[in-house]
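Subject: Structure handover

Dear colleague,

Please find the structure below, followed by a summary of what was found in it.

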Amino acid sequence: MIDPEISTGHGQEVRRGSVVVASLLMLRTPGYGYGLLEALANAGIAVDANTLYPLLRRLEKQGLLTSEWNTDEARPRKFYRTSTAGGELAALLLDEWIALGRSLQAIDSLTEGDAR
């Protein structure tokens, strides 16, 4: 039996890179941080707010996201949108993610039963 703490830690490592790709893909439609948190969770990618908000700021600083404040509502919200460069990176990373998934599936098929 695998120690839950160990599996949780490794699971977080696997998901860490997927949050960047998922955020860039989801923000092709403008959205704000909390809405993105909910959308990611609904898509099966749970991320903590303390992880997501610094990530959004970093992606914006790198020119992968743009932002603007919406002050039309009672509470101002910062809306993010994937930039052209962010869209290009998302496509590259998604292709790489899919290729890695296929490679892992091929390895699993070759070694099926060895570790199970």
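The patch covers about 440 Å² and is made by V14, L94, W97, I98 and L100. Such patches are made of residues with over 30% relative accessible area and no salt bridge, nonpolar side chains (Val, Leu, Ile, Met, Phe, Trp, Tyr) being joined within 5 Å; a salt bridge is a side-chain nitrogen of Lys or Arg within 4 Å of a carboxyl oxygen of Asp or Glu. Areas come from the Shrake-Rupley method with a 1.4 Å probe, and for residues only the protein chains shown count as cover.

I98 lies in helix α4. This residue counts as partly exposed because its relative accessibility is 38%, where buried means under 20%, exposed over 50%, and partly exposed in between.

The model is predicted: local features need pLDDT of at least 70 and side-chain atom pairs count only at pLDDT 80 or more, while totals for chains, interfaces and linings use all residues. Residues are numbered from 1 along each chain as its sequence is written, and side-chain values use heavy atoms, without hydrogens and water.

Turning to the strands, β2 (residues 65-70) pairs with β3 in the antiparallel sense over six bridges; pairing requires at least two bridges found by DSSP. These two strands form a hairpin with six residues between them. Within this pairing, L65 has T82 as its bridge partner, and W69 stands opposite K78. Strand β3 (residues 77-82) also pairs with β1 (residues 31-32), antiparallel and over two bridges, with Y32 opposite F79. Helices (H or I, at least four residues) and strands (E, at least two) are DSSP runs, numbered from the N terminus.

Yours sincerely

Notes: Patch = residues over 30% accessible without salt bridge, like charges linked within 9 Å, V, L, I, M, F, W, Y side chains within 5 Å. Buried < 20%, exposed > 50% of the residue type's maximum accessible area, 1.4 Å probe, protein only.
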